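Have them open as you read.

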Amino acid sequence: MELKQDEETQNQILLEETFYVLTKKHCVFKVRLTKTGLCLIKESEHNIKEQVIPIRDVIGCRCLRSKKQSKHCTCQSIPRSNSLEVVEESSLELDDEDTSAYLYIYAYIFQSTKGTSKKRERTIITLRFRSFDKYEDNNKEAQKWRTAIKKLVRGETVTNRSISDFTLSLKHRETRKLLILCNPKSGAGKGKYIFQEKVVPILQEAEVPFDLFMTKHANFARDFVRTNNLYQWTGIVVVGGDGIVFEVINGIFERSDWSEVIRNIPVGVVPGGSGNGLARSIAHHCSEPYMPHPTLPAALAAVKGRCVPMDLVRVETRSQILFSFLSVGWGLLSDIDIESERLRMFGGQRFTIWSVARLIGLRSYGGKVWYLPSDVPLSRSEKFEFTGSNLDLPAEMHLETESDERKY
Ligand SMILES: Nc1ncnc2c1ncn2[C@@H]1O[C@H](COP(=O)(O)OP(=O)(O)OP(=O)(O)O)[C@@H](O)[C@H]1O
């Protein structure tokens with residue numbers, strides 16, 4: 001009984017609106033927002049199709065206005081969806097004649113690809129609010145949807161009652177700020193490119209502000225996290241390989257307030273290095289596809305603030321104390337890792353090349369290992385399942401509310 005009630009509240013409609021596709025006659029989309037997702041119901045002459053975009057796949061949304069067209073054509077007062085250019089509300093380039101408010105919703109959804117492994121695809125849903133004559137009224141509607149979606153994305157409670165107050169806080173601003181530590185030398189030297197091209201667009205779509213610091217030399221990141229006030233940031237995202245993550249974690253443990261930091265400041269990694277063992281392991285743990293877009297699961301987790309606790313290993317040698325998060329290497333593997341540094345220009349291939357070299361000249365090491373067998377069962381990862389669809393969403397979809405200008 002309780003389960004059923006819970007399901008009912010999850011599926012309770014928070015917002016609902018009817019939209020049209022400019023280019024298709026007699027094609028109506030009902031768009032519903034519930035706590036679990038954005039439901040698109042396509043009603044055409046002969047059938048009804050439906051797809052739910054789960055809230056966990058949505059990263060954010062933005063309200064924009066249409067941009068003034070350079071060559072104004074009097075025969076086309078309504079911007080065509082495929083030629084639509086949009087700007088911020090504050091822009092000097094906005095088109096005063098178009099009183100519509102455009103809500104851009106950004107989602108990364110699993111596509112039902114037959115025969116191949118699952119992957120996430122970027123999908124943009126544009127909702128054009130144009131029922132009213134004044135931009136302010138259309139914007140109020142769009143902002144109501146925006147605020148509700150953003151709150152749900154952040155895991156906050158949204159009820160039908162609270163939605164009526166959303167218009168009061170129109171100028172809702174994101175306060176989350178991430179610290180990005182990017183190693184420009186990681187992997188084959190593409191750390192900066194990866195950040196600018198793969199991560200920045202996702203941060204912008206999610207409207208997550210950030211402070212970026214490029215590491216200038218070995219141990220820069222370690223010193224940075226040891227000496228700075230980390231509480232000014234909501235989390236640390238490292239762009240690089242396992243080496244730079246190692247620096248950050250060990251830098252944290254060199255602080256006197258390390259226990260406070262590890263409880264309050266999550267650390268994430270966007271793979272930019274050669275091996276990227278931690279980023280791969282996290283993607284595997286979360287059942288997120290790592291290939292063909294390795295940076296995607298990490299960037300999405302960073303903007304959504306998704307985090308789970310992670311075990312660390314404290315290693316004491318005669319001369320130092322270290323914290324390890326993947327493995328503690330000794331012998332052949334460490335030799336390959338450290339000595340292949342000179343082949344950095346080959347990216348991840350450096351490990352294969354140096355493995356062959358070391359196997360040819362195999363060294364032997366003597367040692368003893370003591371261990372305690374674990375009686376704790378291995379934890380099972382949460383499986384994110386593909387939610388059924390029969391709509392086959394395109395990468396971009398433009399829907400709009402009805403207006404007097406629309407004529408069949
Ligand atoms: N600006 C820099 N110049 C030279 N070295 C740097 C710089 N910034 C950081 N480093 C060093 O580069 C080392 C390797 O970096 P990182 O782990 O990001 O890449 P990787 O070694 O290619 O990846 P992986 O560890 O996953 O194989 C780090 O241990 C760090 O000390």
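First, the ground rules. This is a predicted model, so local features need pLDDT of at least 70 and side-chain atom pairs count only at pLDDT 80 or more, while totals for chains, interfaces and linings use all residues. Residues are numbered from 1 along each chain as its sequence is written, and side-chain values use heavy atoms, with hydrogens and water left out. Helices (H or I, at least four residues) and strands (E, at least two) are DSSP runs, numbered from the N terminus.

Let's start with the sheet. Four strands make up an open sheet, ordered E10-E9-E11-E12, with parallel pairing; two strands pair if DSSP finds at least two bridges between them. The edges belong to E10 (210-214) and E12 (267-271), each with a single partner strand, so one side of each has no neighbour in the sheet. From one strand to the next, the twist averages 20°. Inside the sheet, Leu-179 has Ile-236 of E11 as its bridge partner.

Elsewhere, E3 and E4 are joined by a hairpin through four residues. There, Gly-37 has Pro-54 of E4 as its bridge partner. The two strand pairs look like this:

| Strand pair | Sense | Bridges |
|---|---|---|
| E9 (residues 178-182) and E11 (residues 235-240) | parallel | five bridges |
| E3 (residues 37-43) and E4 (residues 48-54) | antiparallel | seven bridges |

Now for the helices. Two packed helices are described by the angle between their axes and the distance between the axes. Axes are lines fitted to C-alpha atoms, for helices over the stretch in contact, and angles run from 0 to 180 degrees between N-to-C directions.

H9 (residues 295-304) and H4 (residues 191-205) have axes that come within 9 Å and cross at roughly 40°. The two are therefore oblique to each other; angles under 35 degrees count as roughly parallel, over 145 as roughly antiparallel, 65 to 115 as roughly perpendicular and the rest as oblique. On the H4 side, Ile-194, Lys-198, Val-199, Ile-202 and Leu-203 meet Thr-295, Leu-296, Ala-299, Leu-300 and Val-303 of H9, where contact means heavy atoms within 4.5 Å. These residues split into eight nonpolar, one polar and one charged. H9 also lies across E9, E11 and E12, running at about 150° to E12.

What about H5 and H6? The axes of H5 and H6 (residues 242-253) come within 7 Å and cross at roughly 30°. That makes H5 roughly parallel to H6. Among the H5 residues in this contact are Phe-220, Val-225 and Arg-226, while the H6 residues include Ile-244, Phe-246 and Glu-247.

H5 (residues 220-227) also holds Asp-223 and Arg-226, three residues apart and thus separated by about one helical turn. These two form a salt bridge whose closest N and O atoms are 3.2 Å apart; the term means a side-chain nitrogen of Lys or Arg within 4 Å of a carboxyl oxygen of Asp or Glu. A search of the whole structure turns up 25 salt bridges.

Last, the backbone. Most residues other than glycine have a negative phi, and most peptide bonds are trans. Asn-276, though, has a positive phi near 55°, and Asn-276 sits in the loop between E12 and H8. The peptide bond from Met-291 to Pro-292 is cis, with omega near 5°. Pro-292 is found in the loop between H8 (277-285) and H9.

Terms used. Nonpolar A, V, L, I, M, F, W, Y, C, P; charged D, E, K, R; others polar.
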